[in-house]
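Reader: Could we go through this structure together, beginning with the sheet and then turning to the side-chain contacts?

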Amino acid sequence: MATVSVRYITDDIDVAVAFYVERLGFTVEARPGPGFAALFRDDLRLLLNQPGAGGAGQPMPDGRRPGPGGWNRIQIEVADLEHEVAALRADGASLRGEIVTGRGGSQVLLDDPAGNPIELFQPADA
């Protein structure tokens, strides 16, 4: 299976790396310079950029600048969503709401330290 890469813009690389490694089980692949890190979890490669760092952190020709946040997100499947949410809340993580359950399973939106959303998902058959 091919690795899927997603890039998130973050205001503080050190804080973001600590969050993804300590709270969500990612490992660091590379930190070749300030303002950038590449992380892995299973088949997902997460690229983190600070605004202004590297090509992905540069403003667009029309002046728009890269920034964190929005609603597009990565989804991380978990075995016990209630347990994960309780542990994240105990660590002071920012959740956008409560667990929502549908036919396919349950989910909750979590913000990383820069405000980028992450969907934690537990399939209905888990």
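Author: A definition comes first: two strands pair if DSSP finds at least two bridges between them. Strands (E, at least two residues) and helices (H or I, at least four) are DSSP runs, numbered from the N terminus. This is a predicted model, in which local features need pLDDT of at least 70 and side-chain atom pairs count only at pLDDT 80 or more, while totals for chains, interfaces and linings use all residues. Residues are numbered from 1 along each chain as its sequence is written, and side-chain values use heavy atoms, with hydrogens and water left out.

Reader: How many bridges join β2 to β3, and in which direction do the strands run?

Author: Three bridges join β2 to β3, residues 36–41, and the two strands run antiparallel. Within this pairing, T27 stands opposite F40 of β3.

Reader: In what order do the strands of the open sheet come?

Author: The order is β1-β4-β3-β2, four strands in an open sheet with mixed pairing. β1 (4–9) and β2 (27–30) are at the edges with a single partner strand each, so one side of each has no neighbour in the sheet.

Reader: Changing topic, which residues do ring pairs link into a cluster?

Author: F19, Y20 and F26 are linked by ring pairs into a cluster. Rings of Phe, Tyr and Trp (its six-membered ring) pair if their centres lie within 6.5 Å; planes under 30 degrees apart count as stacked, over 60 as edge-to-face and the rest as tilted. By this rule there are two aromatic pairs. The centres of F19 and Y20 are 5.3 Å apart with the planes at 90°, so this pair is edge-to-face. Y20 and F26 are also an edge-to-face pair, at 5.3 Å centre to centre and 85° between the planes.

Reader: Is Y20 buried or exposed?

Author: Y20 is buried, with a relative accessible area of 0%; buried means under 20%, exposed over 50% and partly exposed in between (1.4 Å probe, protein chains only). F26 is buried too, at 2%.

Reader: And which side chain does R31 meet in a salt bridge?

Author: R31 meets D14 at 2.6 Å, N to O; a salt bridge is a side-chain nitrogen of Lys or Arg within 4 Å of a carboxyl oxygen of Asp or Glu. R31 lies in the loop between β2 and β3 and D14 in helix α1 (residues 13–24), 17 residues apart. R31 is partly exposed, at 40% relative accessible area, whereas D14 is exposed at 52%.
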